[in-house]
Amino acid sequence: MIGAWFGTDHDVAPAVIELPVDVTSGRDPGICIVDQVVRGTGIVGRVTADHGAVGLKVRSPGVATRVTVEIQLDETSTRWWSDRVRPPRTAPELPRLVLIRAQGELRGAALLARRQGLRRAGSAKAVVTFDLTAAELDGDGLLMIELAEPPRPEWATGRIAARPALGVRIDKISVRAHPSPTAAPGPADVDAPAGVPAATASARNRPESGGNNPAAPSAGPAAPSAGPAAPSAGPAAASAGPAAASAGPAAASAGPAAASAGPAAPGFAVLGSGPTGCDMALLPAGASGMFRLEVSAVPPAPPVPLSPAHKLTRRRPARAGFKVLRAARRAGTRVLAGVVQSRPASVRGVHGFDLAAGVPVALEVGQPRPGVFELKLAGPAGGPVLLGLDPGDRGLSCRIVP
């Protein structure tokens with residue numbers, strides 16, 4: 001309806017989602033707004049610009065709600081990004097740092113880094129969970145989820161991809177009524193061990209869902225279209241071998257923490273069983289106490305795929321030749337990294353940066369050991385904290401252990 005007392009015969013009442021709900025398709029009638037997001041069928045959609053937002057019409061339960069957003073970085077995401085950014089042909093793929101906003105406020109962040117296997121690169125997935133108060137999801141029932149670009153510290157120059165939200169796919173958005181502290185753990189908390197708050201973000205590696213991807217929109221004259229039907233990364237994307245599967249993404253929640261089920265320090269996020277896949281990590285908002293940052297060697301990042309930009313190179317024989325060269329380059333990069341590995345002992349320190357305030361964060365460093373740093377925040381942080389190794393090394397990966 002255009003107004004409360006005015007309408008036309010063409011107006012259709014928007015569908016309202018009843019809780020609990022899992023939105024897994026862009027064709028769900030409850031999705032009433034998409035901004036710079038192209039809808040999918042097996043996924044919610046893909047971000048087509050620097051920012052992207054999805055609006056859901058949700059019937060407010062009158063109590064606090066818990067929202068879970070699942071995002072993924074796959075081969076199609078990287079190709080969409082490279083077709084529009086046009087990086088140098090020899091440039092490696094850089095990690096993506098994406099902010100998750102809801103109702104106009106920062107709720108969390110996700111760090112996505114793919115690793116190269118012997119045949120192909122695996123996908124990187126992240127799950128960000130946060131809570132909304134009853135006042136934030138009022139009677140209007142409009143829930144806005146946005147993927148945005150974060151502020152960048154100086155030490156992260158050249159270590160984080162430009163326009164990080166471009167091409168990232170939104171797999172699922174789940175909305176639940178806020179569970180009570182004594183209730184059984186919900187779907188968003190099944191991976192949380194005892195002593196970890198329920199309202200935290202979790203990231204884990206799972207096999208590729210194989211959802212249908214939407215058609216890639218044209219990028220204009222300077223950036224050729226990704227094709228009428230962007231190919232899905234498929235189940236094979238997660239079969240890059242155990243080395244690629246060990247490099248998982250990281251996610252950090254910026255929402256209010258629920259009551260802890262044990263003596264663990266509040267605010268810690270479940271960052272998955274494996275490393276983040278890059279030389280950075282995310283610490284959730286409100287974290288306190290000592291924590292350990294473990295550094296290990298990982299396979300290198302895959303080379304960025306580039307679509308042919310000339311009419312001659314777009315023909316089938318030339319495209320087949322480029323595909324063979326790209327496969328040979330990926331295999332050579334993976335084999336060379338296995339011979340010459342980065343050394344965790346080369347790391348001298350750790351940087352900290354508050355993604356909400358956009359200011360550096362002081363860290364208290366305990367007695368360092370090779371590949372292990374005992375850290376503590378010198379003061380409270382207003383949002384997720386980005387941690388980065390000094391100096392940076394693309395062959396190293398971080399893991400936060402409470």
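Three helices and 20 strands make up the secondary structure of this chain, which comes to us as a predicted model. Of its 402 residues, 49% are buried. If we take the contacts between residues at least 6 apart in sequence, 78% of them join residues at least 24 apart. The accessible surface comes to about 17,600 Å², and carbon and sulfur atoms account for 57% of that area.

The mean pLDDT is 74, with 64% of the residues at 70 or more. Residues 182-247 fall below 50, although this stretch has 167 contacts in the model beyond near neighbours in sequence. Residues 255-273 also stay under 50, and here the model has 54 contacts beyond four places in sequence. Where pLDDT is low, the predicted coordinates should not be read in detail.

Now to one of the sheets. Four strands form an open sheet in the order β13-β19-β15-β16, with antiparallel pairing. Its edges are β13 (280-283) and β16 (359-360); each has a single partner strand, so one side of each is left without a neighbour in the sheet. Further in, β15 (residues 349-354) and β19 (residues 385-390) pair over 6 bridges in the antiparallel sense. Here you can find aspartate 354 opposite valine 385 of β19.

Next, the charged side chains. Side chains of opposite charge can pair when their charged atoms come close. The model has 16 salt bridges, and one of them joins arginine 163 to aspartate 50 at 2.5 Å, N to O. Arginine 163 sits in the loop between β10 (142-148) and β11, while aspartate 50 sits in the loop between β4 (45-47) and β5 (52-57), so this pair ties together parts that are 113 residues apart in sequence. Both ends are partly exposed: arginine 163 has a relative accessible area of 27%, and aspartate 50 has 26%.

Another salt bridge links glutamate 136 and arginine 107 at 2.8 Å, N to O. Because glutamate 136 belongs to the loop between β9 (124-132) and β10 and arginine 107 to strand β8 (residues 105-112), the pair ties together parts 29 residues apart in sequence. Glutamate 136 is partly exposed at 27% relative accessibility, whereas arginine 107 is buried at 6%.

Finally, look at arginine 169 in strand β11 (residues 169-177). What is the relative accessibility of arginine 169? It is 0%, so this residue counts as buried. Its salt-bridge partner is aspartate 171, with the closest N and O atoms 2.6 Å apart, and aspartate 171 is buried too.

Notes:
Residues numbered from 1 in each chain as written. Predicted model: local features only at pLDDT ≥ 70, side-chain atom pairs only at ≥ 80, totals over all residues. Heavy atoms only, no water. Helix = DSSP H or I, 4+ residues; strand = E, 2+ residues; numbered from the N terminus. Buried < 20%, exposed > 50% of the residue type's maximum accessible area, 1.4 Å probe, protein only. Contact = heavy atoms within 4.5 Å. Areas by Shrake-Rupley, 256 points an atom, 1.4 Å probe, with all protein chains shown as cover. Pairing = 2+ DSSP bridges. pLDDT = per-residue confidence, 0-100. Salt bridge = Lys/Arg side-chain N within 4 Å of Asp/Glu carboxyl O.
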